[in-house]
Number of protein chains: 2
Amino acid sequence: MSAISAYAAKSAKGKLELHTIERRDTGDNDVQIAIQFCGVCHSDLHAVANDWGNSSYPVVPGHEIIGEVTAVGKNVKKFKIGDSVGVGCMVDSCQTCEACKEDLEQHCLSGPIMTYNSKTSDAGGRTYGGYSKQVVVREEFVLRIPDNLDKAAAAPLLCAGITTFSPLHQYGIKKGMTVGVIGLGGLGHMGIKLASAMGARTVMITTSTNKAEDAKKLGADDVLISTDKDAMKKWQGKFDFLLNTIPVGHDVNPYMGLLKYNKTMCFVGAIEPLEAVNGAPMIFGRKALAGSLIGGIKETQEMLDFCGEHNVVSEIETIKMEEINNAFVRMKDNDVRYRFVIDMSSL
Amino acid sequence: MSAISAYAAKSAKGKLELHTIERRDTGDNDVQIAIQFCGVCHSDLHAVANDWGNSSYPVVPGHEIIGEVTAVGKNVKKFKIGDSVGVGCMVDSCQTCEACKEDLEQHCLSGPIMTYNSKTSDAGGRTYGGYSKQVVVREEFVLRIPDNLDKAAAAPLLCAGITTFSPLHQYGIKKGMTVGVIGLGGLGHMGIKLASAMGARTVMITTSTNKAEDAKKLGADDVLISTDKDAMKKWQGKFDFLLNTIPVGHDVNPYMGLLKYNKTMCFVGAIEPLEAVNGAPMIFGRKALAGSLIGGIKETQEMLDFCGEHNVVSEIETIKMEEINNAFVRMKDNDVRYRFVIDMSSL
């Protein structure tokens, strides 16, 4: 065990403060990482405030981790000291179940071990996240970061990036297709960049006319204002795929009408109930509504390699560790374009 | 034009009576069919009563047609006089759009021409269905009926059969999978038979304990009573696919919980709004909710050939043409196991 400086919440009051956390020793299969940058995800806020009722304090948030390898266990083969690496939302899984064997560790039948606020396999153990100087992670859950990517701007790829890449990848998005990305926030802006890099005609679908210019800068070929009835009518039946990043419950029916026959809208943000869904257009158009959760480790590495090849990173605002509580307030107010990333040298 | 005896509704009062209908002459690309049997589908009832607001009287219902070829146009290559043939829900489509080229004529971008109550490409023309002595259909929409199948019992394959076969086929159902069929009616009973013939472990999911025995006779390996909370819990996460045949709006959430991660529930009956759908389990389990509509012509022939090979037909009660109004009443009351078929020699 070694004592590490970390920003932790001690209660649901939502404030993060400097604390000392014990990190486990670097085991034979582990990689020890000095954290350089950590992205700030909306779920960090929920965990700190115990919005989902599963927080066990202290909570050290952060699952968009970029760092450098500082030590490796004797069995570690893929990494060496000095490598640029990343850690996303998961740090372990059973590795033996059907889901793990299909490279879908996020659906591990024993439950994946998440990067923070999760029980470990050791009795009483908890995971602590990336708002911290160091993290120790099993080799299989450590990712290689392409050298050409800006390290700070690459951090959000580990959650926002894979969350949007995975559905685009699952549904085979490529040149010749028209993809709509619904909602322009941390997830949506990655969706635009990734769908565009995959060669699709990419349309930003948003309620906010003031986001149109930004969307085009991010790579959107078109912008569809979803409150404009004529525009919505014009785009009926035109989309090969819709990536819905709206983070709250909403009416999906107007969006389903935008899909071509036999196509899917995948949602990655709305963990609240969706309003009543009209069955008829889904039957008559053979349409589907699907959920998707981050991505497996193999797919996350594919995403990072894809981003390296296409030079895709997140749009970020870098902050110091001590600015985190203010960043949380601004994130709540949607006052970030599009992701805060903590420069851990400030800790 | 030739005058044909048919049972038609003249108004939304819902009564069918004997009328004389003009059938078009057999064109160069047409097949003329003497109708032997016609299945009675729930949508016949809706069309007769104008429940969907699109009925144009007179309506001759019937889209589960079995008959014998009595004449062919000079360009017809696939059929000859005396052949056993069938006609399902569609009789024409543009044949040139993206959907038609993908063998998904039911999603023809110009709109498929349905077997009855549909405008034809001739000005003022309407289609008339199978409650009739004869039908004339373009060759491409005529299907070959395997010789070994009972002709009356094969009639419902043309709608109930393909409606359930298509999703099972799309989702690659095979041995080693566990498939749940929700709802035991005209569609559900075909779902059980087909999923079972495909080699899947097939589970009937129903609210009615009194349907359990019947379901097992039809080929279900197990029966899950959806009102039994303990049973529902036991089956959580166990299904590779769910075929939902419930014909009305309902709460899909308890069923979604029965799916394994990364699997789909496909609904084929509920054209009414589905109640609010919980997003969280769909995201966390990467699950999908999809609609499906009958099937294309190529797939319908595949279904018929599959049924020939596995000797699958519908469970039917044969009626005389004059009994149709009473059959409609019984169908409304769910008093049929599982499909009425009209013996057209009674007309």
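1. Two strands count as paired if DSSP finds at least two bridges between them. Strands (E, at least two residues) and helices (H or I, at least four) are DSSP runs, numbered from the N terminus. By that rule, β15(A) pairs with strand β16 (residues 277-278) of chain B in the antiparallel sense, over two bridges. Within β16(B), N278(B) is the bridge partner of P273(A).

2. A word on the model: it is predicted, so local features need pLDDT of at least 70 and side-chain atom pairs count only at pLDDT 80 or more, while totals for chains, interfaces and linings use all residues. Residues are numbered from 1 along each chain as its sequence is written, and chains are lettered from A in the order in which they are written.

3. Back to the meeting of the chains: 31 residues of chain A are in contact (C-beta atoms, placed from the backbone, within 7 Å) with 31 residues of chain B. Among the elements giving two or more residues to this side of chain A are β14 (259-267) and β17 (288-291). The top contributor is α9(A), with five residues.

4. Now have a look at helix α5 (residues 186-197) of chain B. H189(B) and K193(B) are among them. After the helix comes G199(B), with a positive phi near 100 degrees.

Terms used:
A residue is buried if 20 or more other C-beta atoms lie within 10 Å of its own, exposed if 12 or fewer, and partly exposed in between; C-beta atoms are placed from the backbone. Two residues are in contact if their C-beta atoms, placed from the backbone, lie within 7 Å.
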